[in-house]
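Here is my note for your first look at this model. Please keep the structure open as you read the points.

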Amino acid sequence: MIYYTILFYVFAVLAVATAFYVVFAKNVIHSAFALFGTLFAVAGLFVLLNADFIAITQIMVYVGGILVLMIFGVMLTTKIADIDIHTKNLNRIPAILFSTGITVILIFILFTTKWNIKPQVQNQETVSQIGKLMLTTYLLPFEIASIVLLVALVGSAMYARKTK
Amino acid sequence: MEQTIISLKNFIPECVLIVTILVCLLADLIVRKKSAVVAVIGIAGLFVSGWFVIGQFGVKESVFFGMVVIDPYSVFFKLLFIVSTVFIILFSLASKEIKDSTHTNEHVYLMISLTLGANLMASSVNMLMMYLALETVSITSYVLAGYMKKSKRSSEAAMKYVIYGAASSGIMIYAMSLLYGYTGSMNIFEISSILSKMGGTNPMLVIVMVMILAGFGYKISSVPFHFWTPDVYEGAPIPVTGFLAVTSSAAGFAVLIRFFSVTFLKSTTMLNGSLQIIDGIRWTEIIIVLSVASMIIGNFVAVWQMSFKRLLAYSSIAQGGYIMLGLVVANQQGLTAIFVYLVAYMIMNLGAFYALIMISNKLNSDDINDMKGFAYRAPAVAVGMGIFMFALSGIPATVGFVGKFYLFSALIESNMIWLALVGMMNSVVSLFFYIKVLKYMFLSKPDEENSGKIYYGIAGYVLLFILVIPTLLLGIYFGPIVRFAEMSAVMFGLK
Amino acid sequence: MTKYFLLVTLLPLFGFLINILFGKRINSEKFSGYLSSFLVFVPFFITFLVFLDFISVPPESRKIVLNYFNWIAAGKLSINYSFVLDPLSITMVMVVTGIGFLIHVYSIGYMHGDESFARFFSYLNLFIFAMLNLVLADNFLLVFLGWEGVGLCSYLLIGFWSEKKFTGDAAKKAFIVNRIGDFGFMTAMFLIFANFGTLEISGFLGNIAGMPVNSVLLTAIALLFFLGATGKSAQIPLFVWLPDAMAGPTPVSALIHAATMVTAGIYLIARTSVLYALSPTASQIVLIVGILTALISATIALKQNDIKKILAYSTISQLGFMFIALGTMSYGVAIFHLITHAFFKALMFLGSGSVIHAMHDEQDIRNMGGLKNKMKITYITFLVGAFAISGIPPLSGFFSKDEILYQTFINAGILPYIIVLFTAALTAFYMFRLTGLTFFGKARYDENKVHPHESPRTMTIPLIILGILSAVGGFIGLPHFTGLPNYLERWLEPVFTNANRVIQLYKPEGHHAVSVEILLLILSVLVAAGVIYFAFKKFSKQERFEKEKGFGKILENKYYLDEIYDKSVVEPVQNTSEFFLWKIFDVKIIDGFVNGISFYVSRLSIDWRKIQTGIIQDYATITIAGVVLIILYFIFA
């Protein structure tokens with residue numbers, strides 16, 4: 001169990017640290033690579049939750065697909081790698097104040113609430129269950145998600161098309 | 001399997017919308033240029049869907065494994081959305097901004113997708129479904145807001161909207177995950193009964209509520225989640241702005257009202273009319289705060305706006321505040337008042353936006369300064385705009401007054417007289433800026449160089465007339481909409 | 001006749017629709033003008049027939065409620081579109097349509113050649129429609145609808161000549177001041193609905209009849225209605241809009257701002273007389289406001305030089321007289337004065353319109369003089385009006401005003417009586433200053449350029465009719481000591497029976513010797529005659545005008561009221577808000593109380609607008625701040 005805890009903290013710290021880097025890096029390429037670390041660490045957390053299928057999907061879709069696409073996009077865009085992007089922070093003090101405020105509040109409730117914790121289930125096969133749920137209980141969200149994707153596709157095609 | 005088929009039978013209106021989207025998309029690929037054909041197909045699809053929605057009146061059914069319900073409440077909203085989408089598509093045919101954009105006919109099926117999302121928002125009873133429906137509406141709105149690709153303002157609006165929307169829905173879904181963690185369910189009826197059983201106060205629930213409000217509040221442009229509104233309204237093409245003001249925010253109300261009145265009211269007392277808030281969750285107080293803030297900020301800031309679109313943005317922030325007043329009452333009467341107000345709001349806002357489209361088509365501007373003496377150049381349009389402005393400010397004999405009247409009387413019957421007073425004082429303030437527009441149009445002479453008469457095609461006048469008639473008629477004879485609202489307000493008895 | 005009574009309101013509405021939709025296309029002044037006038041005359045005729053029906057039945061059955069359709073039905077609220085016919089509403093309808101008809105006819109001549117002729121008549125007809133709804137309605141909501149409708153028409157008509165630079169501002173001022181009044185009206189309505197569950201006037205009055213005198217609720221409702229009345233009927237503190245409203249065409253001033261719309265407040269209080277009878281406190285306030293308004297506006301009128309402004313202040317002052325009558329709970333007397341005032345003030349406004357017409361839009365009486373030979377009919381009728389308003393027997397104003405003086409004396413005491421008598425003397429003074437400077441003496445205008453002439457017949461005939469009415473109208477309400485019947489009092493009696501019964505509960509009938517009444521009468525006639533002689537002597541020959549000094553200057557500047565509103569309301573607000581501000585922006589010159597509020601609103605608006613920077617980081621910060629603050633509030637509260 002101790003290994004489990006250690007692993008959890010490793011992934012958690014990795015996720016948070018790289019996320020910080022994504023936000024604060026001044027170079028887009030660096031940001032993109034840092035994002036890789038974040039997504040990977042989150043996949044690790046899924047594994048620890050026995051959600052193996054989601055973990056693999058996370059890696060395949062986000063890391064293998066979306067992130068690579070992003071890096072390609074960045075690299076193919078001329079000179080974007082060299083631009084020193086504007087990351088000046090406005091309202092530093094109020095922002096820090098209120099973000100800290102909301103963090104404190106959230107931490108406070110995390111520790112004080114009596115959560116509805118389900119007993120841990122050991123190594124069940126998840127793929128077939130997910131498949132069943134997708135076609136029964138979650139059929140509608142599944143289908144509506146495809147509409148959302150269709151809209152997003154139409155939208156991006158519309159923006160990408162050459163202006164006459 | 002069997003349940004899926006039964007569910008599909010109750011899902012025909014949405015299926016029709018999906019088919020319409022696809023047919024429009026294909027038609028667009030075939031036509032490949034600007035054409036009214038796609039819009040006609042879209043409108044036809046909306047009519048068919050609307051016909052099926054009317055058929056659902058009186059049905060009470062939970063479909064797709066407790067994801068959505070068909071009840072009078074959702075039917076009311078679906079009809080509202082479908083009607084307003086028909087109008088908005090007609091507006092987009094008239095709008096020069098849309099005509100001048102480089103795209104072909106994407107806006108038609110994007111708008112129908114938004115309607116689909118809005119319909120789902122009105123009927124979802126599951127947090128997952130609510131979120132997904134909200135995202136459908138949001139993503140479509142982002143695309144539509146940036147529809148004028150050549151305009152920097154439009155692109156900027158879309159970008160701001162995306163960032164703001166992402167942040168807000170991020171806050172909301174985090175809170176939803178907390179609620180799920182606490183109750184172990186995503187169905188709001190189940191959550192309600194679990195919370196009712198638990199009893200005792202819990203600060204966590206208050207926090208969850210406020211954070212969920214951030215997500216819904218941004219859809220309805222409630223203060224302090226309203227910041228995107230003026231910028232996006234200003235940047236987006238006017239038909240889209242109108243669409244956001246009417247459909248998108250009404251959908252926000254649909255989901256907000258259902259979520260709060262189901263989740264945080266005691267499920268046992270819901271059927272006999274007297275509603276009881278679950279102990280320790282004083283959500284009506286939060287709504288009061290947001291509502292008063294929205295009215296005050298919306299109305300006061302609007303006074304100084306010289307851009308008509310921004311003015312309407314603040315006006316719809318304030319109108320959202322009025323609608324929330326009805327939610328504070330949290331009973332059948334309050335809900336009826338909200339429904340009446342929503343119908344009024346739809347009619348007069350559609351009218352105002354259409355009149356604005358007519359004006360800015362010819363002036364190429366939405367600056368109120370440029371509308372000096374417009375009444376001398378196009379009297380019919382100016383008078384139409386005048387009527388809509390009076391309606392928005394709630395002057396009697398217009399539909400706007402009816403809406404306000406029902407809201408305030410619901411408040412007074414629940415002994416919340418001071419809130420009604422705040423609302424009334426705000427409607428006095430709102431008069432300043434609504435009248436200001438008219439002052440420019442009617443009481444100042446047009447500049448020398450552009451004082452020529454402006455003419456529109458007959459179709460333009462007909463559409464304006466179609467919107468003016470209900471604004472006035474329903475202001476005097478409003479029995480029908482009130483009865484419709486009363487029938488639709490029967491709700492939430494369904495598990 | 002009551003079967004066709006709906007026509008009374010429908011015909012003017014019909015006229016409005018015809019003129020607004022087709023008036024421009026038909027483009028015939030004759031058609032628009034005569035049609036509109038006809039559609040106002042027919043309602044008068046119908047009402048007159050109803051009136052004849054009514055006097056043939058016993059007083060107790062002189063009340064009919066005509067229910068047309070169920071207008072609103074939702075929950076507890078059920079409101080019918082229904083009219084109430086009783087002596088009070090019939091009287092009002094006859095005044096509105098009768099004088100309205102004469103003014104319509106007059107306008108045919110006055111507006112001749114105006115490019116928006118049809119539009120003008122459409123607004124007039126719409127006004128008549130709204131006003132009739134107001135006086136006939138059987139529930140407060142319908143009254144309110146008419147109340148707003150007449151306000152809207154007034155707004156449209158004040159701003160009718162929008163090319164004149166100040167008409168727009170005047171229209172806006174009128175509109176916004178009235179909204180403040182409406183706020184009172186609406187709140188009163190809500191209070192009534194919340195406490196009595198009905199908005200029906202007769203139902204409400206029936207409900208309160210048994211309530212204790214001076215209860216807080218009734219006083220509050222009465223005062224809120226009175227706030228509404230001060231807006232519409234131009235009383236302190238909301239009277240500032242009426243003088244500015246004179247920017248509209250003169251027939252409008254006569255119809256709306258003298259004879260009919262401004263009396264809506266008086267009508268409202270008379271209609272709810274039981275309410276005011278039950279609240280002596282509210283009545284006392286009505287009395288005080290009435291006295292102050294009458295006095296102050298009469299003194300302002302002394303030094304004004306614009307012919308219409310003088311009449312406007314005079315109207316405010318006379319409305320004050322009516323409120324005095326209401327304050328002394330003599331409701332019938334108030335209606336009596338309302339009627340006679342409608343005659344002679346409409347007459348004088350139309351006369352002034354005739355003068356302005358003849359003088360080519362000159363309104364300054366210092367530039368007139370000697371018109372009596374040039375325009376005989378106008379001169380004679382105007383003189384009748386001036387004598388009537390000054391209270392010279394046996395003209396109409398004499399009877400109604402003396403009745404008010406008498407009621408003030410017996411119900412309010414000696415000091416109020418002296419003030420009111422003084423005000424009446426002032427009235428005679430400024431009226432004869434006006435008459436003297438306008439019609440007597442030598443011509444002070446350039447006789448080569450301006451050739452005054454008598455107005456066309458469509459204008460003079462209404463003047464003559466109104467002149468006759470002003471002269472003999474007083475005989476409908478003769479004082480008691482004459483021993484002759486007081487027709488008006490007897491006619492109106494059933495309406496005020498309940499109120500009088502309530503008053504008798506706490507106030508024993510005062511007995512004053514007939515000799516007192518006669519004495520007061522002689523006193524007031526002597527005062528009026530003396531003042532008239534003095535004023536006439538002074539002003540009929542005056543040729544030079546010096547700059548006003550001292551108190552005269554204060555009066556000429558209307559007590560600097562606009563400026564005082566500026567200093568007392570606008571500037572403190574400004575200073576305090578500047579204290580909180582980081583930036584000062586250029587202050588425009590603000591005129592009046594109303595602009596003060598709008599200024600304050602826009603000031604806040606400007607500051608709050610700064611939050612909207614357009615930078616998304618700012619938005620995010622404020623949003624999160626909002627979330628955190630709300631959470632903290634609910635955790636700690």
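1. Start with chain B. Residues 24 or more positions apart make up 78% of the contacts in chain B with a separation of 6 or more. Two residues are in contact if their C-beta atoms, placed from the backbone, lie within 7 Å.

2. A word on the source. This is a predicted model, in which local features need pLDDT of at least 70, side-chain atom pairs count only at pLDDT 80 or more, and totals for chains, interfaces and linings use all residues. Residues are numbered from 1 along each chain as its sequence is written, while chains are lettered from A and ligands numbered from 1 in the order in which they are written.

3. How much of chain B is buried? Of its 495 residues, 66% count as buried. A residue is buried if 20 or more other C-beta atoms lie within 10 Å of its own, exposed if 12 or fewer, and partly exposed in between; the C-beta atoms are placed from the backbone.

4. Chain B contains 21 helices and 2 strands. Both are DSSP runs, numbered from the N terminus: helices are H or I with at least four residues, strands are E with at least two. The C-alpha trace of chain B spans about 70 × 55 × 40 Å along its principal axes.

5. Now chain A. Its secondary structure comes to 6 helices and 0 strands. Of the 164 residues of chain A, 12% count as buried. In chain A, residues 24 or more positions apart account for 55% of the contacts with a separation of 6 or more.

6. Next, where chain C touches chain B. The contact takes 43 residues from chain C and 49 residues from chain B. On the chain C side, α25(C) gives the most, with 11 residues.

7. Look at helix α17 of chain C, residues 396-412. Its 17 residues reach 24 Å from first C-alpha to last, close to the 24 Å expected at 1.5 Å a residue. The expected span is 1.5 Å times one less than the number of residues. α17(C) is mostly covered, with 15 of its 17 residues buried. Just after α17(C), C:Gly413 takes a positive phi of about 115 degrees.
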